[in-house]
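Here is a friendly short tour of one model, starting with ring contacts and moving on to strand pairing. Have the viewer open as you read.

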Amino acid sequence: MSLISQGINGRTKIVGVFGFPVEHSLSPQMHNAAFRFQNLNFIYLPFEVKPQKLKYVLENLPYMGIKGVNLTVPHKEIAYNYVDVLSKEAKLIKAVNTIKVINNKLYGYNTDGSGFIKSLNSAKINIKNKNVIVLGAGGASRGISITLSLAGIRSLVIANRTYEKAQKLVNKISKLSEIKVFAIPLEENYIKEIITDMDILINATSVGLNKGDEPIISSKSLHPKLFVYDLIYSPSETPLMKEARKSGARTTNGISMLLYQGALAYEIWTGKPAPIKIMRNSLLKAMKSR
Ligand code: ATR
């Protein structure tokens, strides 16, 4: 019988997720299933932390004996400013999604980019020399676009509703990477012009997240050789994925990225290889029972 099912005791190590809101998070189910499976005396809890209080909460984290946290919307960029030591990836992306507390110091990591690449590998998508278009230029896009630009792709197009934000991200990437990268406005006529040369399209906007959202682009702007990756995972077939299916493109939703970024955080906290199958099944189960 696992320690968690026997009950929490005085030695239970606390980790969790800070978000605002946080109730939609599937991470507690995923991590607690893994702790139970590996018989680790850890518990993962959701904490609703107001953005204006994040600094205060982070400064006090070591004094409560909390071992680590994940950060989700809207905390990743703010947390970047309040950790003691930044990993290489967190520095590059200028955002922190995982903290580990070691000797009262906060170590900040970003597992989103590597989690994203692992999710592509697990779907057998080879990114070497591929032409990629990313929709969106917010926090999620930044992590993915920077990581991809350093991972061997051939070219990158960033399409955003606010063109200036796409241009700003392009400027940053040009300083980090040798690949061909440019910005376009997120409009079908611009996308149609370049889409035939693209191999992978990634939706990193929030469009599709809310019930009744229209697909961000229609099947007419897609093609069968494209791999369409929507970072949104609920509903499991997003409006964009429906359009992609109509066009004959292969698709995936964001569950696998959620899984792999979580698995990397788990490994940072516990020092043990994450039980991927168990974590994936618990995510799928949690999705169904929503
Ligand atoms: P996240 O951390 O999830 O990336 P974000 O930083 O707020 O969140 O970024 C949201 C992204 O979705 C942005 O690229 C945003 O476009 P703008 O920069 O123009 O705001 C995009 N987005 C949100 N609503 C959109 C909509 N209705 N149509 C097109 N893009 C939208």
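## Aromatic pairs

Searching the whole structure turns up six aromatic pairs (Phe, Tyr and Trp rings, the last by its six-membered ring, with centres within 6.5 Å; planes under 30 degrees apart are stacked, over 60 edge-to-face, the rest tilted). Phe18 and Phe47 make an edge-to-face pair, at 5.4 Å centre to centre with 85° between the planes. Phe18 sits in strand S1 (residues 13-19) and Phe47 in strand S2 (residues 42-48), so this pair ties together parts 29 residues apart in sequence. Phe18 is buried at 2% relative accessible area, while Phe47 is partly exposed at 23% (buried is under 20%, exposed over 50%, partly exposed in between, with a 1.4 Å probe and protein chains only).

Phe35 and Tyr266 have ring centres 5.1 Å apart and planes at 25°, so they are stacked. Their pair links helix H2 (residues 27-37) with helix H11 (residues 255-270), 231 residues apart.

## Around strand S11

In strand S11 (residues 227-230), Phe227 and Tyr229 point one way, Val228 and Asp230 the other, and all are buried. Helices (H or I, at least four residues) and strands (E, at least two) are DSSP runs numbered from the N terminus.

S11 pairs in the parallel sense with strand S10 (residues 200-203) over four bridges (pairing needs at least two DSSP bridges). Ile202 is opposite Tyr229.

## About the model

This is a predicted model: local features need pLDDT of at least 70 and side-chain atom pairs 80 or more, while totals for chains, interfaces and linings use all residues. Residues are numbered from 1 along each chain as its sequence is written, and side-chain values use heavy atoms, leaving out hydrogens and water.
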